[in-house]
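Subject: Structure handover

Hello,

Here is the structure I promised to pass on. Please open it alongside this email.

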Amino acid sequence: MALSGLAIYKHLPKENCKECGLPTCLAFAMKVASGQAGLDDCPKLGDEARGALAEASAPPQRLVTIGEGDGAVSIGQETVLFRHDERFQNACGIAVRVEDSLEEGELAARLDAIKGLSFDRMGQVQAVDMVAVENSSGDSGRFAAAAKKAAALGKAVVLISADPEALKSAGSEIADKRPLLYYSGSADNVETAAKTAVELKLPLGIESPSLETISDMTEKAAKAGLQDIVMSPGREKPSEVLEFLTKTRRAALKKKFRPLGYPTLAFADGTDDAAIVAASWFVLKYAGIVVIDTIEPAAVVAILTSRFNIYTDPQKPVQVEAKLYEINEPGNEAPLLVTTNFALSYYSVESEVEASRVPTHILAVDTEGTSVLTAWAADKFNPETISEALVKTGAAEKVSHHKCVIPGMVAVISGSLEEESGWQVEVGPKEAVGIVSYLTSRWKR
Ligand code: SF4
């Protein structure tokens, strides 16, 4: 079991020097115990104490990286059960399952479809980031060949087989891509699978719906020298998968139970609505990897959106870069609309401008990602900040009429903005929905 705050405190220098960024050694000890600070943050800790506290410094849930380079996916090291307590740390991987029994053409077509599962959402790319190759053919040569083709996509790969030998041969083929070897066979052979993973220096996935069995399996794998483990209940009913995911997360984070201190993998088999809903549940609670079957873009985008939402830091509004945007190649006589850099505000304005087909400049003022009214109330969207943004972005060189349009909700600042900036200020519609009619019938340069 991990050490308590007081047990950690006994080993600290007790100098209360604040160099760790906390007011006292006791406060630091409490942070280490909760996994929110590391021993390296105290520069005065001696080697002896460091060794004694090694267990406490280990996070309650291990961080496991699958894949390499830009395609790597890191999962685990979560610190809370509920996102509102802090935030979820490492976004889960979304893997599309591919069976190695597919004919060559079908396999190529499916991999091609997976490659295209990438979507722009509020300026951020959301994509399927893993491929799970399943050894349904039972043929290890075919499995290894499919693994190589999947690895060529540049995404992280999960290799699924109940046969440790098949895992070994496919894993060896693409070991430099750091795939997850997912052993779906009997618990009796977990040591064999673990030895293969240790030998190839790869992470290992293991499965059992029983918490007792899975704990036993992780302990055996750890004894074989394996550290990077991913746990799964296997192909169970969604409600049972959810129970497994919740109980393992709780045991790791609340009870600091080391045998369950690993990230998880869940299967959402099938392509019907129930499978899509189950996949979204598993994303929200608390899978490290969700393996899906569907390649239907509308279904995949729903799952990716669940991930995007739950892994967004609730304390940091989603922002766009504060700058002057050019929509539909505006010339120097095109209108210039002013808004904030809160992503929702910006994209509401941008989509209406696109719909109007009127070439337009949009100035997104840095309001730390807050919306128009919130920023105005907090004095972040005022004559000074807007004038500063007009100067900083070189707006005067881009538009010859020196007229800007502000949201109708802040009409009250139009006079003082004219004085502060020297620009002519026009009051636009209160809501973005009025932008099309404003640009097409009211705007005059
Ligand atoms: S840096 Fe170390 S000695 Fe100083 S207050 Fe923090 S824990 Fe205590």
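Below is what was found in it, from the whole chain down to single residues.

**Ground rules**

This is a predicted model: local features need pLDDT of at least 70, side-chain atom pairs count only at pLDDT 80 or more, and totals for chains, interfaces and linings use all residues. Residues are numbered from 1 along each chain as its sequence is written.

**The whole chain**

The chain has 18 helices and 17 strands. Both are DSSP runs numbered from the N terminus: helices are H or I with at least four residues, strands are E with at least two. Along its principal axes, the C-alpha trace spans about 75 × 70 × 35 Å.

Of the 445 residues, 42% are buried. Buried means that 20 or more other C-beta atoms lie within 10 Å of the residue's own; exposed means 12 or fewer, and partly exposed is in between, with C-beta atoms placed from the backbone.

Contacts are also counted from C-beta atoms placed from the backbone: two residues touch if these lie within 7 Å. Among contacts with a separation of 6 or more, 64% join residues 24 or more positions apart.

Eight strands make an open sheet with parallel pairing, in the order 10-9-8-7-6-3-12-11. Strands pair if DSSP finds at least two bridges between them. Strand 10 (229–232) and strand 11 (265–268) are the edges, each pairing on one side only. From one strand to the next, the twist averages 25 degrees.

Strand 11 runs parallel to strand 12 (residues 289–292), joined by 4 bridges. There, A266 sits opposite V290 of strand 12.

**Helix 7**

Helix 7 (residues 164–173) has these buried residues: P164, A166, L167, K168, A170 and G171. They pack against helix 6 (140–151), strand 7 (156–161), strand 8 (180–183) and helix 8 (190–200). The helix lies across strand 7 and strand 8, at about 155 degrees to strand 7. Axes are lines fitted to C-alpha atoms, for helices over the stretch in contact, and angles run from 0 to 180 degrees between N-to-C directions.

**The cores**

The largest nonpolar core holds 79 residues. Such a core is a set of buried Ala, Val, Leu, Ile, Met, Phe, Trp, Tyr and Cys residues joined through C-beta atoms within 7 Å. M130, A147, V157, V158, L204, I289 and V290 have the most contacts inside it. A147 touches V133, V157, L159, A170, E173 and I174, leaving out residues up to four places away in sequence. Another core, of 31 residues, lies apart from the largest one, with L336, F381, I386 and L417 among its members.

F381 is in the loop between helix 14 (372–377) and helix 15 (383–392). F381 is buried because 31 other C-beta atoms lie within 10 Å. Beyond four places in sequence, F381 touches T340, V365, T367, V372, A375, W376, I386 and V410. T340 is 41 residues from F381 along the chain, yet their C-alpha atoms are separated by 7.5 Å.

**The hairpin**

Strand 1 (residues 63–66) and strand 2 (residues 73–76) pair antiparallel over 4 bridges. They form a hairpin with 6 residues between them, and G67 in the turn has a positive phi of about 90 degrees. T65 stands opposite S74, and I66 has V73 as its bridge partner.

A127 is in strand 5 (residues 124–127). A127 counts as partly exposed because it has 15 C-beta neighbours inside 10 Å. Outside four places in sequence, A127 is in contact with L117 and S118.

K444 lies in the segment after helix 18 (435–442). K444 counts as exposed because it has 8 C-beta neighbours inside 10 Å. From K444 to I75 is 53 Å, C-alpha to C-alpha, and 369 residues in sequence.

**The ligand**

Around the ligand there are 13 residues, of which C17, C20, C25, F28 and C42 come nearest. A residue is near if its C-beta atom, placed from the backbone, lies within 6 Å. The shell has 8 nonpolar, 1 polar and 4 charged residues. Here Ala, Val, Leu, Ile, Met, Phe, Trp, Tyr, Cys and Pro count as nonpolar, Asp, Glu, Lys and Arg as charged, and the others, Gly among them, as polar.

Best wishes
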